[in-house]
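My notes follow the structure.

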Amino acid sequence: MTAPETQDEARRQENWRRRIENEPAAAQQDQRLLAGYKTPLFVNANIHGNEWEGTDAALRVIEQLATSTDPQVEQLLQRNRLVFNVTSNPDGRVAGTRQNAAGYDLNRDLTIVSQPETNLIRELIVDTRPIITLDLHGYVNPTLLHPSTPPHNVNNEYDLYIKHGLPNALAIEEGLRALGYPETQRARIPFRDDEPGVWDDFPPIYVPSFAMLQSSIPYTIEAPLNPRGNLTPEEKVRRSRINTDVHEVAIRTSLQYIQDHRAEVLFDQAEGYRRGAAGEPLRDIPDGYVPGWGPEDNYHTVFPRSYVIPAGSGQHSAPAAARLVDLLIGSGGRVWRAKQNFTANGKSYPAGSYVIDMHQPKRGLVNSLLEPGVDITDRVDDLYAGPAAWSQGLTWGATVDTLWDQLPGVTLERAYDGKAESAVPGGTPDLRLNLQDAADLLAVNALLDQGVKVYRLADGSVAIPHTTTNRRLAAAESRKHDVAFEAAPAGWQGTLLNRVVVGYLGTVEERDTLRDLGFEARTLTATTLATTLTADVDVILVASNLNLANLTAENRAALNAFLARGGGVVGLDTAGASFSNGASLLSVTATAGASLASGVVNIVNSQGPVTSGAIPHSFINQPVWFTNLGAGVTVEQSYGEDPLLSGWWAPNATGANGPTAAANQASIVRGVSAGGNGVVLFGTDPTYRTHPKGLQPQLGRAVLWAAQR
């Protein structure tokens, strides 16, 4: 919403918006820009489908502004652009569910971007560069609104945020008080009112925390009164009316804050971009910078001079590298490609390698995705939620090199998408594909669907005998999925694979990870095994608890028949281990860390069929490790001597479930049961919100091994 614009006026606004990011120092002094730029406010409503009133407030404001004849409203629209995502979760709104129709909490997806609704939110933030971002929620009583408690994301220019974030929050609180409702006489501002870790803004996965990395002043606004449940219709209407009023106050107060502090908020948005482009260090924020700011709030990092994502043989997975580059660019970062071969820090890189110059406007966003993260275990006793570290640079399967003091001296060209080259060797050799990315598994499963004979080798890679048809089909899948086949080793031997059907006991995360790997995935539950565990199911993926003692005779008979025919089992976390022990498959003791323990861990791969060639780090969300391994249990992967690289992993009082207890213990095990069932158990988390892309091929290889040993 804005005052009408001619094409020339709209073009001028777009040029100014780009100048604020691309030429921030000049924009700060551009008097025409400062006078004529329409400052953007972004309202993201109803991201949780059963938190409705944000949409109602947005529509109310839209209608009032669109129909008003007040000259002050006309002036407001001449100086601002209001961007409304009226309902960012339309399916969830209709269904009355927090999640979208695919089953995902969209407010945990901003740096994974697995859902189309999230992609739209990301585009709106990146493209419109809002001064203030409002994410409208419910229900926390009294009304909750940012700023948040520590821990704070270490990559933010937090001084530029908190100097505006706190005063506007206090102004919103005053506006709520003026509504006159008993329920709105005070707000809960976590930064002011809560202990560290109670409501933090650490992970960049939320709309507000992602927006802050875009140089926006963001808020979660939690309206106070839950209208759901056993209430009279009148009470539901009353609560919804108050909630709508609360969100309207947040919108109007934030818009007024922009108007009252226009020059300063414009300068500071450009200042965030300027610092990034200049490569300046993050500011040390003194105690008392704003009321309540203290040592517990001081989180910051040191930015490297550049990153390199290698091309060629130095890259663990070309498809993974292309995916990571697409994420960086789509999230507002900038990436370049080297036009010639070059050397940096004594390592040679081929032309086509990606270079990320960290002197760029949104360096905080880029670094938040690429850096390993930090261990915050000793800084906070609590977290609102995980993950406490994420690092797409370490967990998405690509090789990423950090150059602390060097920008490679090579001619660079701007990259606008990631590219992975498909390849099939010339001549007539048998073909080999090393399964190190979901794209590789997709290609293999597509070939199996077309009747191609595919053999699993001892190291978990696959080989395809040469025939004219096989070569033609492999070339087509190589082009489709951007994967590179190579010549198979002479005299190779392998196990013939068949098309694999996987039944899963779990969530949409397991469903979609299996589908991303190209497997047919079928839902299983404890009450439907008799009808869903059919004879064509080859492997069960156990990701949720299944109490074998409570199964009906019919459902237990179906499970027994599956195991009797040698069906494979892949288990995740303690649920998988409990199933394995209960069904007398593999004998292990599984120990779980604290429920909020999460992050990036150091691991050691054993080079077996599941982890041969795998990345040297893994992702955990409540880590599990295996001890007291029974006969025939082989360790595929173990936690390192110092397991936690980044994140939060506090032990209990005895230390029995902390990282010291997990050190050097098994994180992935495999074995064949006495009845001939292939079993693989994971203590890491390869399916978490479909985030850890680099762990997905480990899961895929486990499924293939369990299905056909």
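**Ground rules.** For cavities I used a 1 Å grid over the protein atoms alone: a cavity is a set of points where a 1.4 Å probe fits but cannot get out. A pocket is an open set with protein on both sides within 12 Å along at least five of seven lines, and lining residues have an atom within 4 Å of a point. Points are joined across faces, edges and corners, and a volume is the space filled by probe spheres set on them. This is a predicted model, where local features need pLDDT of at least 70 and side-chain atom pairs pLDDT 80 or more, while totals for chains, interfaces and linings use all residues. Residues are numbered from 1 along each chain as its sequence is written, and side-chain values use heavy atoms, without hydrogens and water.

**Largest cavity.** I found six cavities of 30 Å³ or more. The largest holds about 280 Å³. It has 25 lining residues, and Glu157, Leu160, Met212, Ser215 and Gly272 lie closest to its centre. I took helices (H or I, at least four residues) and strands (E, at least two) as DSSP runs, numbered from the N terminus. Helix 12 (262-278) is among the helices that supply at least two lining residues. It gives the largest share, six residues.

**Largest pocket.** I read its volume as about 520 Å³. Of its 27 lining residues, Gln315, Ser317, Ala318, Pro319 and Ala484 are closest to the centre. Helix 13 (318-330) and strand 15 (431-433) each give two or more residues to this lining. Helix 13 gives the most, three residues.

**Salt bridges.** I counted a side-chain nitrogen of Lys or Arg within 4 Å of a carboxyl oxygen of Asp or Glu. The whole structure has 47. What links Arg432 and Glu486? I found a salt bridge, with the closest N and O atoms 2.3 Å apart. Arg432 is in strand 15 and Glu486 in strand 18 (residues 486-487), so this pair ties together parts 54 residues apart in sequence.

I then checked burial: buried is under 20% relative accessible area, exposed over 50%, partly exposed in between (1.4 Å probe, protein chains only). Arg432 is buried at 13%, and Glu486 is partly exposed at 37%. Asp105 and Arg108 also form a salt bridge (3.5 Å, N to O). Both of these residues are buried.

Arg274 pairs with Glu280 in a salt bridge at 2.8 Å between the closest N and O atoms. Glu280 is partly exposed, at 21%. I noted both in a salt-bridge network whose members include Glu157, Asp159, Arg274, Glu280 and Arg363.
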